[in-house]
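User: Please take a close look at one part of this model, the charged pairing inside a chain. Then place that part in its wider setting.

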Amino acid sequence: MAKVQRLISIVLRLTAAAAAAAAAIIMVTSHETTSFFGLEMEAKYSYTPSFIFFVVAFAVACAYSLLVVFVRPGSTASRLVLMSDVIIGMVLTGAVAAAGALSEVGKNGNTHAGWLPICVQVHEYCNRVMGALIAGFVALVVYFLIIMYSLHELAEPLCSCHY
Amino acid sequence: MLTRTASWTSHSSMDLEHGSKKPSAAPTAATSTSTILQVRERFMALQPIVLRASAILATAVAAAVMGLNTQSYTAVVAIIGTRPLMQTFTAKFSDTPAYFVTANAIAGAYNLAVLLMRRLILRRRTASLIVHMLDMVIMVMLATGAATAASMAYLGKNGNLHTRWNPICDKFGSFCNRGGIALVSSFIGVALMLALNLLSAAANASRPNAVGH
């Protein structure tokens, strides 16, 4: 019974690490240069602080997930792991929200501030960023599942649904 | 987990026993410990109410300040002959951070509803758990709204050179100031809701019949 629980927990954490790594890598490799009206325009993730925060947050989450696989269940370290799971989940939520807001402005522009949308010019860059956001969202959902599963394991260890 | 609660209850009963073990020897000590316990109990019971009221205040202030945030100025755009052409530039909140105002308004209304319905929730386990879950959901919603508005505020203040987005805070100064105040208030609301969440978790987990949340 304990082995099955541990196996499920490890599989969830590895999935989360993979999704977070995918999100960070896709965002880092988004780079496009284009020229319009004679002006050269370059779009890179490192020109926007929100995207830098996105990459850093997901890289930290991936490394953390891989490290936590080696924590033995039931020890005091596992309670600490639950707390830091919640903290990292909230940091990832903030990162996805900030990057999503910036992408929306990049796609639709903002007429009141005089900001023109840039997705028409750098179409490939926008697609990459969208892919990174989707991967980040998947990682967030898997983190939510991890937290729920850890809580269930902690609060009801004698539940009849375990076999 | 079970052993921990057992030790907690035995410790508390030991406290009460200590207080009542020497009634004749030191009556003043017994009464002082019992009043201290009473004061502590009352303080513990008051904490969720104070936290919720502060959260209502913080989120309502954020929603109101950002909702009424608008600034406009007229400038000369062109000169036709001898008559200048004026145009009004307006900055309103509803451009991007509309989610911010909605999230803060929903959070304030939810906290108000929970505060008013406190009598119904106080001693029932399922209602207490539902309120705890909703607390978490509303806190995450507030956090996403605040993160979105913060990234927009950074963009408005510093602009982005590579996409040729100019900063707007030099033209709309008080709009940016008011937006900053609303953002800070919303972050305070998120911190208060986090504290409330921790309180609910502690109340629901350690005592089976949850008293206070």
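Analyst: Start with chain B. B:D135 and B:R52 form a salt bridge, with their closest N and O atoms 3.0 Å apart. A salt bridge here is a side-chain nitrogen of Lys or Arg within 4 Å of a carboxyl oxygen of Asp or Glu. Because B:D135 sits in helix α5 of chain B and B:R52 in helix α2 (residues 27-67) of chain B, the pair ties together parts 83 residues apart in sequence. Helices are DSSP runs of H or I with at least four residues, strands are runs of E with at least two, and both are numbered from the N terminus.

Both partners are buried. B:D135 has a relative accessible area of 0%. B:R52 counts as buried at 1%. Buried means under 20% relative accessible area, exposed over 50%, and partly exposed in between (1.4 Å probe, protein chains only).

A word on the basis. This is a predicted model: local features need pLDDT of at least 70, side-chain atom pairs count only at pLDDT 80 or more, and totals for chains, interfaces and linings use all residues. Residues are numbered from 1 along each chain as its sequence is written, chains are lettered from A and ligands numbered from 1 in the order in which they are written, and side-chain values use heavy atoms, with hydrogens and water left out.

The structure holds two salt bridges over all chains. The other one lies in chain A, where the side chains of A:D85 and A:R13 meet at 2.9 Å, N to O. This pair also links distant parts of its chain: A:D85 is in helix α3 of chain A, A:R13 is in helix α1 (residues 2-28) of chain A, and they are 72 residues apart. A:D85 is buried at 0% relative accessibility. A:R13 is buried too, at 6%. In general, side chains of opposite charge can pair when their charged atoms come close.

A:S150 touches both members of that pair. Setting aside neighbours within four places in sequence, A:S150 is in contact with A:R13, A:L82 and A:D85. Contact means heavy atoms within 4.5 Å. A:S150 belongs to helix α4 (residues 123-155) of chain A. It counts as buried at 14% relative accessibility. Its side chain also reaches the backbone oxygen of A:I146 at 2.8 Å.

Now back to chain B and helix α5. That helix covers residues 125-158 and also holds B:T144. B:T144 counts as buried at 13% relative accessibility. Apart from neighbours within four places in sequence, B:T144 is in contact with A:T93, A:A97 and B:Y99.

Chain B as a whole has six helices and two strands. Along the sequence they follow the pattern α-α-β-β-α-α-α-α. Of its 213 residues, 34% are buried. Among contacts in chain B between residues at least 6 apart in sequence, 73% join residues at least 24 apart.

An unreviewed entry places "transmembrane region" at residues 49-68, 98-117, 129-155 and 180-199 of chain B. Such annotations may be inferred rather than shown by experiment, and their positions are given in the numbering used here. In the model, residues 49-68 of chain B are 95% helix and 0% strand, with end C-alpha atoms 28 Å apart. Residues 98-117 of chain B are also 95% helix and 0% strand, with the ends 29 Å apart. For chain A, the UniProt annotation (unreviewed entry) covers residues 47-70, 82-102 and 130-151. Residues 130-151 of chain A are 100% helix, and their end C-alpha atoms lie 32 Å apart.

Last, the interface. In all, 25 residues of chain A are in contact with 23 residues of chain B. The two chains bury about 2,300 Å² between them, 69% of it on carbon and sulfur atoms. Buried area is the accessible area (1.4 Å probe) that two parts lose on being put together, summed over both. In chain A, A:M90, A:H112 and A:W115 lose the most area to chain B, together 27% of what that side buries.

How many salt bridges are there between chain A and chain B? The count is zero.

Conventions: Polar contact = N/O pair within 3.5 Å; in protein donor to acceptor, adjacent residues only side chain to side chain.
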